[in-house]
Amino acid sequence: MGARSVITSQAASFFDELAAGHAGTPIPEEKLVYFRTRSRNRLYHFILSRFVAEQGKGLTKAALARRIGKSPEVINRWLGSPSNLTADSISDLLIGISGEELAPTSEPILNQRPGNYRPWDDNIKIQMDTKPSTETAKLRLTV
Amino acid sequence: MSIRAQIEKLIVAGELFELNPLNHKDNRRRTVFMSGEINSLVSGPWANAEMAGRCYRLRAELEDFITAEQITVCWEPFGADKEQIGRLDPPEWDVWDLRSRDPSPGLRAFFRFACKDVGVFFTCSPRSLKVSWLDRLPLLHRESREWRKAIADCLAEWKALFPNHQSVNGSQISDYITGGVILR
């Protein structure tokens with residue numbers, strides 16, 4: 001791409017501005033964008049999990065649309081991807097889906113213990129446990 | 001050699017990269033491997049803040065593929081509404097895309113499943129407009145030459161890296177991904 005080396009996302013330095021505290025340098029816009037996207041995705045998945053749970057009890061997008069006075073197209077847009085939600089649409093969806101309201105919480109980003117689980121390792125372990133073939137025996141030595 | 005061993009070999013050779021969420025605390029449910037092209041986009045360096053912001057957003061969407069409990073799936077090609085990932089036409093080629101829609105122009109990252117819950121991402125194209133920092137033409141309408149080329153490119157990159165392995169070929173979403181959701 002021939003881009004000049006001006007900005008990178010090395011994990012080691014990614015949280016520098018956050019670690020600097022209130023007197024630190026401004027947090028770059030691109031990092032704000034990253035966290036905005038994460039927050040939006042988290043809210044979206046919260047709503048989606050509620051909808052999927054109620055779908056199992058018979059809720060449909062059409063029924064939800066009728067319930068909160070929106071068109072099916074709007075419901076499609078809201079439930080389809082994270083980029084279409086606002087505080088108001090989240091409220092409407094939660095009320096319509098499960099009669100709930102949002103109860104926000106948050107957690108610090110810094111100084112968290114890393115998650116130890118890596119599905120890729122687990123897949124290999126499962127393969128070794130269930131298929132003790134010559135090929136997986138080789139895998140045991142190389143991975 | 002198993003496909004897992006092949007992936008490990010490609011990583012050692014610097015031909016594939018694993019995407020690790022920047023927040024190490026994130027729960028991982030799936031795995032993303034990337035070509036050098038995708039790795040450059042999500043890891044930098046970037047030419048300017050606008051490119052960095054857009055690529056960080058793409059990175060967050062790819063990390064979401066790793067961490068999300070549920071992912072909305074467009075299972076039937078051309079039936080896309082607003083889902084997060086979709087199986088592309090022809091379905092028997094098993095080429096998928098991840099949609100990073102916001103801001104416009106959206107980006108589409110093309111991938112195949114090496115195993116269940118393991119996506120190998122190869123290329124990225126803008127959806128509707130040329131992007132100065134991407135060397136790929138916009139995909140435009142769904143029957144366009146660029147769409148066909150993007151799908152063929154993904155397939156060609158797979159064959160270059162995995163000449164002796166097939167990608168996942170299933171008859172239902174759960175053959176490909178845990179937590180795949182079709183909205184009805």
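This is a predicted model: local features need pLDDT of at least 70, side-chain atom pairs count only at pLDDT 80 or more; totals for chains, interfaces and linings use all residues.
Trainee: Which elements hold B:Asp26 and A:Arg42, and how many chains does the pair join?
Mentor: B:Asp26 sits in the loop between β1 and β2 of chain B. A:Arg42 belongs to helix α3 (residues 29-55) of chain A, so the pair joins two chains.

Trainee: Is B:Asp26 buried or exposed?
Mentor: A residue counts as buried under 20% relative accessible area. B:Asp26 has 11% relative accessibility, so B:Asp26 is buried.

Trainee: Where do B:Lys25 and A:Glu107 lie?
Mentor: The side chains of B:Lys25 and A:Glu107 meet in a salt bridge of 3.2 Å, N to O. This pair also joins two chains, because B:Lys25 is in the loop between β1 and β2 of chain B and A:Glu107 in the loop between α6 and α7 (119-130) of chain A.

Trainee: How many residues apart are B:Arg59 and B:Glu63?
Mentor: The side chains of B:Arg59 and B:Glu63 form a salt bridge of 2.9 Å, N to O. B:Arg59 is buried at 5% relative accessibility, and B:Glu63 is buried at 1%. Both lie in helix α3 (residues 49-67) of chain B, about one turn of the helix from each other, that is, 4 residues apart.

Trainee: Which residues are linked with B:Lys25 and B:Asp26 in a network of salt bridges?
Mentor: From chain B, the network includes B:Arg59 and B:Glu63. From chain A, the network takes in A:Arg38, A:Arg42 and A:Glu107.

Trainee: What is the count of salt bridges between chain A and chain B?
Mentor: A search of the whole structure finds 22 salt bridges over all chains. Between chain A and chain B the count is 6.

Trainee: What area do chain A and chain B bury between them?
Mentor: The contact takes 54 residues from chain A and 54 residues from chain B. Carbon and sulfur atoms carry 56% of the buried area, which comes to about 4600 Å².

Trainee: Which residues does B:Asn23 touch, not counting residues up to four places away in sequence?
Mentor: B:Asn23 is in the loop between β1 (17-18) and β2 (31-34) of chain B. B:Asn23 is buried, with a relative accessible area of 7%. The residues it touches are A:Phe15, A:Tyr34, A:Arg38 and A:Ile109.

Trainee: Which residues does A:Ser81 touch, on the same terms?
Mentor: A:Ser81 is in the loop between α5 (72-80) and α6 (87-98) of chain A. A:Ser81 is buried at 3% relative accessibility. Not counting residues up to four places away in sequence, A:Ser81 touches A:Tyr44, B:Lys82 and B:Arg101.

Trainee: Why is B:Cys115 too far from B:Cys154 for a bond?
Mentor: A disulfide needs cysteine sulfur atoms within 2.5 Å. The closest cysteine sulfur to that of B:Cys115 is in B:Cys154, and the pair is too far for a bond because the distance is 15 Å.

Trainee: How many disulfides does the structure hold over all chains?
Mentor: The sulfur of B:Cys154 has its closest cysteine sulfur in B:Cys124, at 12 Å, again too far for a bond. Over all chains, the number of disulfides is 0.

Conventions
Residues are numbered from 1 along each chain as its sequence is written. Chains are lettered from A and ligands numbered from 1 in the order in which they are written. Side-chain values use heavy atoms; hydrogens and water are left out. Buried means under 20% relative accessible area, exposed over 50%, partly exposed in between (1.4 Å probe, protein chains only). Contact means heavy atoms within 4.5 Å. Buried area is the accessible area (1.4 Å probe) that two parts lose on being put together, summed over both. A salt bridge is a side-chain nitrogen of Lys or Arg within 4 Å of a carboxyl oxygen of Asp or Glu.
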